[in-house]
Structures are given as structure tokens and as C-alpha cells.
Amino acid sequence: MFSSPLVLQIPPSMQMTDEQFFEFCQVNRDLRIERNKLGEISIMPPTGSESGNRNFNIALQLGVWAEHDGTGICFDSSTGFKLSTGADRSPDASWMKLERWNSLSAAQQEKFAPICPDFVIELRSPSDNLQPLKDKMEEYMREPGVQLGWLIDRKHCQVYIYRPGNPAECLDNPVTLSGDPVLPGFVLNMSKVW
């Protein structure tokens with residue numbers, strides 16, 4: 001078992017179409033797979049049990065809020081999105097306004113939706129290097145429609161808050177995180193994350 005992502009570089013003559021990449025991911029559904037804008041494929045190791053539990057708690061809190069709020073829908077860490085750069089990414093948790101989701105065709109919703117969520121969360125696992133996650137968050141922030149992103153670094157008890165067009169803000173050991181005004185009333189209880 002490997003502890004950091006395995007990156008496969010694909011020769012230009014062998015690049016997969018979006019349909020082929022989706023099929024590749026379906027055939028290998030037990031793997032966590034992403035593709036960057038250069039066509040390089042990253043295969044991430046499964047998270048450890050503790051990280052999986054923390055990620056579940058994040059998704060649970062977001063999902064409960066979304067059910068009550070009713071203006072959007074949530075996605076888990078196994079959901080792929082096709083970014084405008086050509087990259088295929090899977091945030092650890094995300095949320096999208098219903099009107100943006102409903103603007104997609106049923107076929108687009110069925111595969112890797114060609115849209116970036118309004119809100120994305122990445123949770124740093126103990127084996128993750130921080131800089132690639134920061135780069136990923138910056139990539140999200142350049143996407144149309146994204147409004148807010150949180151990179152949660154459990155190792156250092158820090159949260160990086162990303163907003164399009166602004167430098168990242170770093171919070172040390174916050175007790176809660178507020179999604180206002182993008183996610184009105186959403187507050188993430190960090191005691192379930194640290």
C-alpha cells in the first residue's frame with residue numbers, strides 16, 4: 001500500500017477522452033482517482049479510519065444544514081467534477097446551489113458534472129503534503145461559480161479559507177467555521193474534526 005498519491009503520466013498520444021476517463025474510474029471504482037489539466041492521473045490511497053471518520057463528520061454537518069436550508073445539494077468525496085481547465089477533481093465535501101445543478105442536463109448530472117461546486121472542502125490526511133492541497137484549492141478558486149473553499153489541516157490545527165480573487169486566510173485552531181454569507185447559517189463544529 002502506498003501512502004502518497006501515485007501519479008501516472010500519460011503520453012499525449014494516449015490521453016483519454018472524458019468518456020474514457022469516466023469509464024476508467026467506473027471500472028476502478030475502489031480507487032480514488034483524479035486527473036489534472038495536463039492529463040496526469042493521480043491515484044490516492046484510501047484514507048485511514050480516523051481521517052475517514054473526520055471527513056464523515058464534516059459531510060454530516062454540511063448535509064444536515066443543506067437539508068434544512070433547501071437551496072442546494074451536497075456531494076461526498078467520491079463525486080467527480082470536470083473543471084473548466086480539463087481537470088477532474090473530487091473535493092472531500094462540497095455543496096452547490098440548486099439552480100446551478102438544475103441547469104445541467106440529466107446526462108451531465110449522471111457523469112462527472114462539468115461544473116465546480118459553489119463550496120468545496122478538502123481535509124488534509126496525515127499522509128498528504130500540504131502544498132498540493134493548496135494548489136488544488138487555488139485551482140478551484142479560478143473556476144466559474146465557486147464562492148468559498150476550506151482546506152482543513154488537522155496536523156497543524158489550521159484552516160485555510162479561500163475566496164475567489166482574494167489571498168487565502170489562515171485560522172489557527174478555530175472552534176467553529178462559519179459559511180456565511182455563501183452558506184447562510186452553516187457553522188462547522190471543529191470539535192468533530194480535530
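Modeller: Here is a short tour of the salt bridges. Keep in mind that this is a predicted model.

Biologist: How many salt bridges are there?
Modeller: The count comes to 14.

Biologist: Let's pick one. Which residue does Lys136 form a salt bridge with?
Modeller: Its partner is Glu34. The closest N and O atoms are 2.8 Å apart.

Biologist: Is Lys136 buried or exposed?
Modeller: Buried. Its relative accessibility is 10%, and buried means under 20%. Glu34 counts as buried too, at 4%.

Biologist: Which residues are linked with Lys136 in a network?
Modeller: Glu34, Arg89, Glu122 and Glu139 are linked with Lys136 in a network of salt bridges.

Biologist: New topic. What does Arg35 meet in a salt bridge?
Modeller: The side chain of Asp88, at 2.8 Å from N to O. Arg35 lies in strand S2 and Asp88 in strand S6, so the pair ties together parts 53 residues apart in sequence.

Biologist: Are those two buried or exposed?
Modeller: Arg35 counts as buried at 6% relative accessibility. Asp88 counts as buried at 4%.

Biologist: One more. What about Asp153 and Arg124?
Modeller: Their side chains meet in a salt bridge, 3.2 Å from N to O. Asp153 is in strand S9 and Arg124 in strand S8, so this pair ties together parts 29 residues apart in sequence. Both residues are buried.

Key. Residues are numbered from 1 along each chain as its sequence is written. This is a predicted model: local features need pLDDT of at least 70, side-chain atom pairs count only at pLDDT 80 or more; totals for chains, interfaces and linings use all residues. Side-chain values use heavy atoms; hydrogens and water are left out. A salt bridge is a side-chain nitrogen of Lys or Arg within 4 Å of a carboxyl oxygen of Asp or Glu. Buried means under 20% relative accessible area, exposed over 50%, partly exposed in between (1.4 Å probe, protein chains only). Helices (H or I, at least four residues) and strands (E, at least two) are DSSP runs, numbered from the N terminus.
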